[in-house]
Amino acid sequence: LLRTISDQGDTVIHMDYGCDLNKVDLSNMKLCIKGKNIEMNSSYMNGIHLKNCELSDVHINQSDFTKATIKETTFKNSSIDDTKFDYAKILNSSFDDVAISDSFFIKTVVVKTTFNNLELNNVDLYFFTKQVTFDNTKLININLSNSSHYYTDFKHTKLIDVKFMRSHIHFSKFIDVELIKTTLFKSILKNVCFTNSFMNVVLFAEANITDSNFSESELINISFNDSIIHNCNFSNISFTYVTFTNANISTVNFSGAKFTSVSFKNANISGSNFINATYKNDNGDYIYVDDSYLKDAIYDNDNPPILK
């Protein structure tokens, strides 16, 4: 019956009283479903086209949405577990109060989509995002390595044990977020905003960071070792146990920053601003630099950035 409806075009299917779609095969069908209390267990949705759907209290488990197209669709108060969205396209849609766990989004494309009050747990997201918003969401044990994100915003979001290794993040925002035990190893960040954020145990090692803003944030136990940092705003940041070993730092604004036990060992620093910065280490008021190269730095006459 559903396949017959699919063949007829844009017919709206109402499932207002709940529906059991367990173990069904809806592959390559084109459907517009409006309903709630829908169960999808071990269902095969490979290549399905869902457009203008309104779905609430939907529970999807051990299902396959590989190569699916989900467009202009809303999911509310729903859960998605152990499900594949590999090579799928999610366009102009919204996920509100949705929990997603143990699922896969391999090479998924997500465009102009909003995730509100979302909780992601143990999910692989090797995907491409553009104009996507994560608002008031929680990402735990998420793998975003080798993914690309353009104009993607993370607002009031907590990221715990998230991997962005070798990812591309451009023209995106992390505002009022918490990054804990997160790695951006060898990632490329351009025009990224991290203002008013809290970071603890975050790895930026070997990253390439340009034209980005970290101002007014608190950074604890952070590694920028072997990274390239150019034309960035690090003003009014609290740095504690942060290392810039072997980093190449140019035209960076560190004005008003508070450095506590920070190391610039063997770093190359040029054209950077340290005005009104303060320095304190465990055994004295200084930044540990040891053979760093400092050129054209701007700083207070009585408060230079390097006191060996």
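## A walk through the model

This structure holds five salt bridges. It is a predicted model, and we will visit some of those bridges before moving on to other stops.

**Stop 1: Glu54 and Lys34.** Select these two residues together and show their side chains. Glu54 forms a salt bridge with Lys34, and the closest N and O atoms are 3.4 Å apart. The pair links distant parts of the chain: Glu54 sits in strand β6 (residues 54-56), while Lys34 belongs to strand β3 (residues 30-36), 20 residues apart.

**Stop 2: Lys163 and Asp161.** Next, select Lys163 and Asp161. Their side chains meet in a salt bridge, with 3.8 Å from N to O. How exposed is Lys163? Lys163 counts as partly exposed, at 28% relative accessibility.

**Stop 3: Asp211 and Lys190.** Move on to Asp211 and Lys190, whose side chains meet in a salt bridge of 3.1 Å, N to O. Asp211 lies in the loop between β28 (208-210) and β29 (218-223), and Lys190 is in strand β26 (residues 188-190), so this pair ties together parts that are 21 residues apart in sequence. Asp211 is partly exposed, with a relative accessible area of 27%, and Lys190 is also partly exposed, at 31%.

**Stop 4: Ser79.** Select Ser79, which has its place in strand β10. Is Ser79 buried or exposed? With a relative accessible area of 18%, Ser79 is buried, because the cut-off for that class is under 20%. To see what surrounds Ser79, show Val58, His59, Ile60 and Ala99: Ser79 touches each of these, leaving aside residues up to four places away in sequence.

**Stop 5: Asp82.** Follow the chain to Asp82, in the loop between β10 (79-81) and β11 (89-91). Asp82 counts as partly exposed, at 36% relative accessibility. Which residues does Asp82 touch, not counting those up to four places away in sequence? They are Asn61, Gln62, Ser63, Ser101, Asp102 and Ser103. Before you go, draw a distance line between the C-alpha atoms of Asp82 and Asn122. These two residues are 40 residues apart along the chain, and their C-alpha atoms are separated by 9.8 Å.

Stop 6: Select Arg166, in the loop between β22 (158-163) and β23 (168-170). Phi of Arg166 is near 55°, a positive value in a residue other than glycine. Arg166 counts as partly exposed, at 43% relative accessibility.

Then select Lys181, found in strand β25 (residues 178-183). Lys181 also has a positive phi, about 50°, although it is not a glycine. What is the relative accessible area of Lys181? The value is 55%, and Lys181 is exposed, because the cut-off for that class is over 50%.

**Last stop: colour by pLDDT.** Finally, colour the chain by confidence. The mean pLDDT of the protein chain is 85, and 84% of its residues reach 70 or more. Zoom in on residues 3-9, where the pLDDT is below 50. Beyond near neighbours in sequence, this stretch has ten contacts in the model.

How values were computed
Residues are numbered from 1 along each chain as its sequence is written. This is a predicted model: local features need pLDDT of at least 70, side-chain atom pairs count only at pLDDT 80 or more; totals for chains, interfaces and linings use all residues. Side-chain values use heavy atoms; hydrogens and water are left out. Helices (H or I, at least four residues) and strands (E, at least two) are DSSP runs, numbered from the N terminus. Buried means under 20% relative accessible area, exposed over 50%, partly exposed in between (1.4 Å probe, protein chains only). Contact means heavy atoms within 4.5 Å. pLDDT is the predictor's confidence in each residue, from 0 to 100. A salt bridge is a side-chain nitrogen of Lys or Arg within 4 Å of a carboxyl oxygen of Asp or Glu.
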